[in-house]
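Colleague: I am new to reading models like this one. Could you take me through a few features?

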Amino acid sequence: MSTNKPMPVPTEISAPFWNGLKDGKIVIPHCTACGHWIFYPRRHCDRCFSHALEWREVSGAGQVYTYTVTRTPTLPDFADEMPQKLAVVELDEGVRINTTLVGLAEDEIRVGMRVKPVFDATGPDGATLLRFTGVDKDVVLARPDVADALPPAEAALPRRQIRVDDDAALQALVSDTFSGWSNEIVIDQALIDDFAKLSGDDYWIHTNPERARKEGPFGGTIAHGALVQVLVSRLKMPLDFEVTGFTNMLNYGSDRLRFPSPVPAGSRIHARARVKSVERIKRGVQLTMELNVHVVGAERPSVINDLVILYM
Ligand SMILES: [Zn+2]
């Protein structure tokens, strides 16, 4: 799984900092002439101009110096991180670092609050970003490859077996309440481009980021509704039942398919489902499952699909 997010490019001067993060350490330059700590990495001390610098590990303990909450992605690729909590963290050594706060609700963030580092191994080759969270928080960041795996909920759930001829048990599945959320996946521009090629729908609002940024209504490209719809196959929902005792199961199509809100390129999506109706018909049992796909964090679904499954 890739994303199009721009990643830092280590330079000769900054490489020790980025390599340190990969190892779960924060190392920053320290001036052996005057004792000053330096950040961002430079060749000389910004206080006494000495070149006698050495890299030293620090704990990463510090406090929020200032922060802001941004709701409009600077690039479409960041849509899955909205709202983003951008902050300047001041380490106890005195240096200030531009960063992102994670694992904190907006109303939990205060200037001066104590924070600790979170090593976000987000990029290919283990490229790691330095983020921060509250000292009392236990943040586990979803890695794209991990998020692609089944949610633990699904693996762990004892599934009730419901026989296809048990009408009462089938009717009891019908509910207004949705299941828990599925795993999450990222829809990046590369995936959208592949789908444009496959389907022949290469309209610029999907495939031309520059034009979509300038002329489009969404500030960037968006995924095809049909693409988001088919990706449901990769979203494993934690359903707590399975129907048994049938000879054939058919995907009989859709009673309703709507795309109520766009999925900007770079968005992370997930899905949930509910059994909308169960009907005994001449050929067997027809079960209608309402699937909703959302951009993670968005209240409004991007896809509503009333999928009809026929058990015969
Ligand atoms: Zn110095």
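Modeller: Start with helices and strands. They are DSSP runs, numbered from the N terminus: helices are H or I with at least four residues, strands are E with at least two. This is a predicted model: local features need pLDDT of at least 70, side-chain atom pairs count only at pLDDT 80 or more, and totals for chains, interfaces and linings use all residues. Residues are numbered from 1 along each chain as its sequence is written.

Colleague: How much helix and strand is there in residues 55–120?

Modeller: That span is 0% helix and 52% strand, and its end C-alpha atoms lie 21 Å apart. In residues 183–288 the figures are 26% helix and 35% strand.

Colleague: Why does leucine 129 count as partly exposed?

Modeller: Count other C-beta atoms, placed from the backbone, within 10 Å: 20 or more is buried, 12 or fewer is exposed, and in between is partly exposed. Leucine 129 has 19 such neighbours, so it counts as partly exposed. Leucine 129 sits in strand β7 (residues 129–134).

Colleague: Which residues have the most contacts inside the largest nonpolar core?

Modeller: A nonpolar core is a set of buried Ala, Val, Leu, Ile, Met, Phe, Trp, Tyr and Cys residues joined through C-beta atoms within 7 Å. The largest has 22 residues, and Ile187, Ala223, Val228, Val263 and Ile269 have the most contacts inside it. Elements giving two or more residues to this core include β9 (185–187) and α5 (189–199). Another core lies apart from it, with 17 residues, among them Ile28 and Leu130.
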